[in-house]
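Student: I have a new model open and would like to learn how to read it. Could you walk me through its features one by one?

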Amino acid sequence: MSLRKDYLHLHFIVMIWGVTAILGMLITMPPLEVVFYRTLIASLGLLVVVQARQTGFKIGDTKNYLIVLGTGAMIAAHWVTFFLSARISTVSVCLAGMATCSLWTAIIEPLSLGRRVKGFEVILGLIALIGIVVIFNVEMDYLSGLLVAILSAFLASLFSVINGKLSKIHDPYVITFYEMVGACFSTVLFFPIYRHYYADELQLMGPLSDFIYLILLALICTVYAYSAWVGLMKRLTVFSINLTINLEPVYGILLALVIFGDREEMSVGFYLGTSLILVSVLLYPILNRKLRHKAFFSDII
């Protein structure tokens with residue numbers, strides 16, 4: 001029952017994340033400025049949460065702080081590429097590209113843990129990748145957005161594996177606090193390069209609606225959802241979590257169709273590819289259960 005509750009909680013978090021790209025499209029500020037405000041507001045919110053929980057802010061020696069802050073920089077890069085993908089293509093293409101996260105995780109997680117790669121995890125990751133290829137073949141106009149989303153998925157798989165280890169040792173809210181601080185700080189450090197090569201000036205001001213969406217993005221999609229996700233890593237594998245996150249395109253695309261209408265309508269091939277991604281998600285718990293109950297199943301795979 002506890003495991004089922006964890007998976008239901010995970011699906012609820014994924015549904016919230018399905019709104020993330022939509023909020024990113026509704027905000028008029030550029031992606032880097034969006035990530036700056038998101039991480040700044042999230043850092044302040046988590047500061048209040050950690051103090052209220054009275055868990056303390058210590059996470060060990062200097063090395064641990066550097067690892068967590070560095071992971072935050074990686075998260076910032078992931079979010080910038082995530083929002084950029086949605087801006088240069090569509091919400092649907094961005095979310096579909098993010099589904100390659102399970103394939104990256106199937107390779108990266110075993111290597112980081114020193115265990116052999118599970119055949120069925122790679123197969124499921126490849127099914128998701130085939131879905132991406134189908135989408136790629138029928139939606140060539142959005143190639144750049146899809147490639148940026150795949151890069152974002154790779155970054156997400158990297159920090160997911162790191163968080164999988166950190167969550168076994170430290171409080172998820174404390175980890176998330178330092179990661180948001182690291183993400184915000186790294187964004188600020190990137191501002192001079194951004195202004196020199198990409199923009200004449202920073203667009204840190206926007207309409208009131210932008211700041212309302214940013215608060216929702218920071219407090220609900222980050223402080224709550226991200227911290228809860230890190231907490232679930234204490235009990236669920238990184239691969240199973242990231243495979244479930246592949247459902248984010250399904251939730252997000254449905255919401256985007258309701259909100260943006262014709263702008264988000266895609267070809268039949270796009271939805272076929274998304275269906276393959278969904279199949280990979282549904283097959284994982286079935287195959288994983290068989291693997292646990294039948295030791296010889298791993299040899300067959």
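**Reading the fold**

Tutor: Gladly! From the N terminus on, the elements of the protein run α-α-α-α-α-α-α-α-α-α-α-α-α-α. Keep in mind that this is a predicted model.

Student: How many helices and strands does the protein have?

Tutor: There are 14 helices and zero strands. Of the contacts between residues at least 6 apart in sequence, 86% join residues at least 24 apart.

Student: What share of the 301 residues is buried?

Tutor: Buried residues make up 51% of them.

Student: How should I read a nonpolar core, and which residues touch the most other members of the largest one here?

Tutor: The general idea first: in soluble globular proteins, nonpolar side chains tend to be buried together. In this model the largest nonpolar core has 63 residues, and those touching the most other members are Trp17, Leu217, Tyr226, Trp229 and Ile241. Helix 10, residues 208–232, gives the most to this core, with 11 residues. Another core, of five residues, lies apart from it, and Val93, Leu146, Ile150 and Phe270 are among its members.

Student: Which residues is Trp17 in contact with, leaving aside its neighbours within four places in sequence?

Tutor: Trp17 contacts Cys221, Ala225, Tyr226, Trp229, Ile245 and Glu248.

Student: Now a helix pair. How do the axes of helix 3 and helix 4 meet?

Tutor: For a pair like this, look at the distance between the axes, then the angle, then the handedness. The axes of helix 3 (residues 31–53) and helix 4 come within 9 Å and cross at roughly 135°. An angle over 145 degrees would count as roughly antiparallel, so these two helices are oblique to each other. The crossing is right-handed. Helix 3 makes the contact through Pro31, Leu32, Val34, Val35, Arg38 and Thr39, and helix 4 through Ala76, Trp79, Val80, Phe83, Leu84 and Arg87.

Student: And where is Ser89 found?

Tutor: Ser89 sits in the loop between helix 4 (62–88) and helix 5 (91–98).

Student: Is Ser89 buried or exposed?

Tutor: Compare its relative accessible area with the cut-off: buried means under 20%. Ser89 has 8%, so it is buried. A polar atom of the Ser89 side chain lies 2.5 Å from the backbone oxygen of Ser85. Beyond its neighbours within four places in sequence, Ser89 is in contact with Cys94, Tyr142 and Gly145.

Technical notes: Residues numbered from 1 in each chain as written. Predicted model: local features only at pLDDT ≥ 70, side-chain atom pairs only at ≥ 80, totals over all residues. Heavy atoms only, no water. Core = buried A, V, L, I, M, F, W, Y, C linked by side-chain atoms within 4.5 Å. Buried < 20%, exposed > 50% of the residue type's maximum accessible area, 1.4 Å probe, protein only. Helix = DSSP H or I, 4+ residues; strand = E, 2+ residues; numbered from the N terminus. Contact = heavy atoms within 4.5 Å. Polar contact = N/O pair within 3.5 Å; in protein donor to acceptor, adjacent residues only side chain to side chain. Axes fitted to C-alpha atoms, helices over the stretch in contact; angles between N-to-C directions. Parallel < 35°, antiparallel > 145°, perpendicular 65-115°, else oblique. Left-handed = near helix turned anticlockwise from the far one by under 90°.
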